[in-house]
Amino acid sequence: MKIVIINYGAGNIQSIMFAIERLGFKAVLSNDRDEILAADKVIFPGVGEASSAMKKLKESGLDSLIPNLKQPVLGICLGMQLMCNSSEEGNTKGLGIFDVDVIKFTSKVKVPQMGWNQIYDLKSDLFKDIPEHEFMYLVHSFYAPNCDDAIATTDYELEYASALQKNNFYGTQFHPEKSGAVGEKILENFLNLNSKE
């Protein structure tokens, strides 16, 4: 199986590489169009600020490539947020895969949300054999409100979408690669997804 982690200079890539290796697979880091198109599974990571990450995607032409990919694609953290219509962070236009706008938590809660929180209302094969209310590791100041594409919910100030899915595109606000055995199981589920779903 060919796994490509999109390398566009905005990712915590090492921890994802190690998590995939622990599952017995090898991932390639690439921003090469043909290599990404030829992959069986694509992981779109992201750590950092939305507008500068989007600028990097545009510079490499990945902003037009990613929404047209046909194989399973997993956006993690900022990666998921960039797959939405827009983000309040840096007033950024997103890739428009998920029909939702990313907004900032209010000052009523500690921002960023950092640490462990529960996921529930789990839908999709991404959460196969994952019990409701498992704890995942999150670090973020912006969130996707609950919407039709939500496949997991988390409560922090309000209920929001902590995972999204539309067709072959998946996104998690939490970091599966930093969420212990349960997070690794979610990554394994992603790698086991049938491309023809």
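Residues are numbered from 1 along each chain as its sequence is written, and side-chain values use heavy atoms, with hydrogens and water left out. Because the model is predicted, local features need pLDDT of at least 70 and side-chain atom pairs count only at pLDDT 80 or more, whereas totals for chains, interfaces and linings use all residues.

A salt bridge was assigned where a side-chain nitrogen of Lys or Arg lies within 4 Å of a carboxyl oxygen of Asp or Glu. By this rule the count is five. Helices (H or I, at least four residues) and strands (E, at least two) are DSSP runs, numbered from the N terminus. Residues are termed buried under 20% relative accessible area, exposed over 50% and partly exposed in between (1.4 Å probe, protein chains only). Accessible areas come from the Shrake-Rupley method with a 1.4 Å probe, and for residues only the protein chains shown count as cover.

One of the salt bridges joins Glu35 and Lys2, with an N to O distance of 3.6 Å. Glu35 belongs to helix α2 (residues 33-37) and Lys2 to the segment before β1 (3-6), so the pair ties together parts that are 33 residues apart in sequence. Glu35 is partly exposed at 25% relative accessibility, and Lys2 is partly exposed at 28%. A further salt bridge connects Arg22 and Glu184, whose closest N and O atoms are 2.5 Å apart. This pair links distant parts of the chain, with Arg22 in helix α1 (residues 13-22) and Glu184 in helix α6 (residues 180-192), 162 residues apart. Arg22 is exposed, with a relative accessibility of 52%, while Glu184 is buried at 17%. Lys26 and Glu21 also form a salt bridge, at 3.8 Å from N to O; Lys26 is exposed at 60% and Glu21 is partly exposed at 37%.

In helix α1, the residues Ile13, Ser15, Ile16, Met17, Ala19 and Ile20 are buried. Their cover, with contact taken as heavy atoms within 4.5 Å, includes β1, β2 (27-30), β3 (41-44), β4 (73-76) and α6. Gly24, which follows α1, has a positive phi near 90°.

For the analysis of charge, Lys and Arg count as positive and Asp and Glu as negative, without His and the chain ends; the place of a charge is NZ of Lys, CZ of Arg, CG of Asp or CD of Glu. Patches of like charge comprise residues with over 30% relative accessible area and no salt bridge, joined within 9 Å. Glu88, Asp99, Asp101 and Asp148 form a negative surface patch. Among them, Asp99 lies in strand β7 (residues 98-104) and is exposed at 56% relative accessibility. Glu89, in the loop between β5 (84-87) and β6 (92-93), is buried yet has no salt bridge, and Lys104, the nearest side chain of opposite charge, is 7.8 Å away. Leaving aside residues up to four places away in sequence, Glu89 touches Gly48, Glu49, Ala50, Ser51, Leu78, Gln81 and Phe142.

The peptide bond from Val111 to Pro112 is cis, with omega near 5°; Pro112 lies in the loop between β7 and β8 (113-119). Asp121 is not a glycine but has a positive phi of about 55°. Asp121 is found in the loop between β8 and β9 (134-140) and is partly exposed at 39%. Asp129, likewise in the loop between β8 and β9, has a positive phi of about 65° and is exposed at 58%.

Conventions
Patch = residues over 30% accessible without salt bridge, like charges linked within 9 Å, V, L, I, M, F, W, Y side chains within 5 Å.
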